[in-house]
Amino acid sequence: KFEENPRFSKSYFLNLYNSVKMYNVNNYKGARIPLLHNNIIVAPFRDYLTRFNYPHTHILQYVEFGFPLGLWSDAFLVPSTSNHSSSYSYFSFVDKFVESELFNLGMTGPFDEPPWENLMISPMMTSHKK
């Protein structure tokens with residue numbers, strides 16, 4: 001059984017999502033809620049880059065509030081309902097990967113049902129290492 005991250009629960013991510021969604025734009029444009037689960041401390045970077053007149057300090061807002069995700073144009077996408085066959089053949093490696101990602105905040109869950117509308121799920125696969 002997969003365990004959620006002990007510091008940042010599923011409810012943390014659901015609340016973050018719902019708070020940002022109220023603005024109907026990306027977090028960096030609307031709610032501007034700092035991502036507490038991000039381990040990068042932005043202030044020293046901003047100070048350092050500003051001191052040296054770096055022209056692209058606006059990039060730091062993406063680190064602090066999240067990069068814009070999604071598609072730039074309308075597209076028809078269909079979520080996957082199954083994984084690639086290799087993920088079934090090497091399921092113990094997939095399980096280990098998922099456990100590591102949950103612990104390190106690369107993903108959250110597991111959820112009993114989709115936590116938001118238009119959820120896109122991509123299939124998982126493995127590759128033999130030489």
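In which loop is methionine 22 found? Methionine 22 sits between α1 (10-21) and α2 (42-51), where helices are DSSP runs (H or I) of at least four residues, numbered from the N terminus. The model is a predicted one, in which local features need pLDDT of at least 70 and side-chain atom pairs count only at pLDDT 80 or more, while totals for chains, interfaces and linings use all residues. Residues are numbered from 1 along each chain as its sequence is written, and side-chain values use heavy atoms, with hydrogens and water left out.

Methionine 22 is exposed, with a relative accessible area of 68% (exposed means over 50%, with a 1.4 Å probe and protein chains only). Together with Tyr23 and Val25, Met22 makes a nonpolar surface patch of about 340 Å²; such a patch joins nonpolar side chains within 5 Å, from residues with over 30% relative accessible area and no salt bridge (a side-chain nitrogen of Lys or Arg within 4 Å of a carboxyl oxygen of Asp or Glu).

Two backbone angles also deserve a look. Asparagine 53, in the loop between α2 and α3 (59-65), has a positive phi near 55° without being a glycine, and asparagine 53 is exposed at 66% relative accessible area. Leucine 105, in the segment after α5 (91-103), likewise is not a glycine and has a positive phi of about 65°.

Key
Patch = residues over 30% accessible without salt bridge, like charges linked within 9 Å, V, L, I, M, F, W, Y side chains within 5 Å. Areas by Shrake-Rupley, 256 points an atom, 1.4 Å probe, with all protein chains shown as cover. Buried < 20%, exposed > 50% of the residue type's maximum accessible area, 1.4 Å probe, protein only.
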